[in-house]
Amino acid sequence: MIYNTVQQEIAGKIEMDSGVSNWKNWRWQLKHCIRSIEQFEYLTGINFSEEEKEGLKKTFERFPLSVTPYYLSLIDRENYENDPVFKQAFGSMQELVTVQSELKDPLSEERDSPVEGITHRYPDRVLFHVSNICSMYCRHCTRKRKVGDIDYIPSKKQLSKGIKYISDAPQIRDVLLSGGDPLMMPDHKIDWLLSEIRKIPHVEIIRIGTRMPVVLPYRITDELVEMMKKYHPLWINTHFNHPREITASSREALSKLADGGFPLGNQSVLLADINDCPRIIKALVHKLVKNRVRPYYLYQCDLSEGLSHFRTPIGKGIEIMESLVGHTSGLARPTYVIDAPGGGGKIPIMPNYIISWSTNKVVLRNYEGVITTYKEPDRYEPRMCDRDCENCKLELNLNEYDESKAIGIEKLLADSSDVISLIPEDTERMQRREEHAGQD
Ligand SMILES: *Cc1c(COP(=O)(O)O)cnc(C)c1O
């Protein structure tokens, strides 16, 4: 047993007798999620003024509150106003402030949705929203518009529409289960869903995005792991934002998952006054790799409504990346990304390492500020690529790889394409051209 005294106290207050013995039961945790200010005050001993309560009530009417007893137990009561766990779990009136650039659906997930539950943005992979609920409502949720909307898990019939869409689209080789939290579903439903997706021959990998190891680590049971093992290759991405969240319980959950053979990744969000500090992020990524979790993405906070107080300038993210590259293991380094508003997808951001160029030399700098040169090869015979792979000297096993179309910048670079520029359709210049054409 690894309860601490705070956990014992909270468990006892929730349910005199069975609280403590049920602490590690995830269903018990779910049933007793903290959803009101009064309950929060009672369980933590933190008290708000009447005025604060008024404001918080308004906030929770718009964006509801839900915290697992476990995550609640991590709050530092003595210093809750600065506590990263408190700030992620418990709202503030600032959520009601919306600024002009903020959007309900900044990533246009709904516009890129061909059928209910699916966001199809990239050529070869889809996001499949398989649950509408979470155990904890992160205050910084990018899908804040949906939080607490209608708490439900889609029926098999509803999920079947998404499964059919994937099954009818042979280019989809990667299915990312998201939500809400997919692990809010009961085991038998996850079992069913994974088995249906696994039946689709062109799906190579399945990924699950879940915050359970952070907010409800007891959800990672031996039974769940045994069941999910049937569906390898299955990748799991979780969402730690601060080293304080990596507790004995979450380490145990991560270790079960890693032992089950699931490659583990982590997606953090850069959050003002929570983790916008190179030392905090470095401590976090070190703790993650120690627990066999590969830092995958560090997200710039999205432009969702009610998140302005969490946003940092992009410069903060670049400063953090500067403090990681070279200074620590490449394995511990996430890719810093901005999810482009309007649905453009994730754009990676890095400090600049190329300083200058000539025809035969590149000038680079390293993390220490050393400036160095790389001499280009004297002889390099560019191979004109006309995409005639059968007659190319390089070997490509065509049985395994389908021809893929070059799009975007890749197309500009391709020898096989005549396209020399990408031009927005609605510029005045383009409109004038069209008008001229009409006059001819
Ligand atoms: C993030 C995301 C993915 C997965 O992107 P990766 O860069 O492959 O991790 C897929 N679809 C949508 C809509 C996404 O937002």
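**View 1. A hairpin is formed by strand 10 and strand 11, with three residues between them.** In this predicted model, strand 10 covers residues 354-357 and strand 11 covers residues 361-365, and the two pair in the antiparallel sense over three bridges. A residue to look for here is S356, whose bridge partner in strand 11 is V363.

**View 2. The protein chain as a whole contains 16 helices and 12 strands.** The radius of gyration of the protein chain is 25 Å, which is close to the 22 Å that the globule rule gives for 440 residues, so the chain is as compact as a globular protein of that length. Along its principal axes, the C-alpha trace spans about 80 × 55 × 50 Å. Of the 440 residues in the protein chain, 45% are buried, and the chain exposes about 23,500 Å², of which carbon and sulfur atoms supply 52%. Among the contacts in the protein chain with a separation of 6 or more, 72% are between residues 24 or more positions apart.

**View 3. The domain assignment divides out domain 1, residues 5-83, and domain 2, residues 118-350.** The centres of these two domains, taken over C-alpha atoms, are separated by 25 Å.

**View 4. The largest nonpolar core of the model has 77 residues.** In soluble globular proteins, nonpolar side chains tend to be buried together. Within this core, the residues with the most contacts are Y71, F128, L177, L193 and M228. Helix 9, which runs over residues 187-198, gives the most to this core, with five residues. The core also draws at least three residues from each of domain 1 and domain 2. Apart from this core lies another one, of 11 residues, and I281, V285, L324 and I338 are among them.

**View 5. A closer look at Y71, one of the residues with the most contacts inside the largest nonpolar core.** Which residues does Y71 touch, not counting residues up to four places away in sequence? With those left aside, Y71 touches V85, Q88, A89, M136, R211, V214, V215 and E245.

Note on methods. Residues are numbered from 1 along each chain as its sequence is written. This is a predicted model: local features need pLDDT of at least 70, side-chain atom pairs count only at pLDDT 80 or more; totals for chains, interfaces and linings use all residues. Side-chain values use heavy atoms; hydrogens and water are left out. A nonpolar core is a set of buried Ala, Val, Leu, Ile, Met, Phe, Trp, Tyr and Cys residues joined through side-chain atoms within 4.5 Å. Buried means under 20% relative accessible area, exposed over 50%, partly exposed in between (1.4 Å probe, protein chains only). Helices (H or I, at least four residues) and strands (E, at least two) are DSSP runs, numbered from the N terminus. Domain bounds come from an automatic or database domain assignment. Contact means heavy atoms within 4.5 Å. Two strands pair if DSSP finds at least two bridges between them. The radius of gyration is taken over C-alpha atoms; the globule rule is 2.2 Å times the number of residues to the power 0.38. Accessible areas come from the Shrake-Rupley method with a 1.4 Å probe; for residues, only the protein chains shown count as cover.
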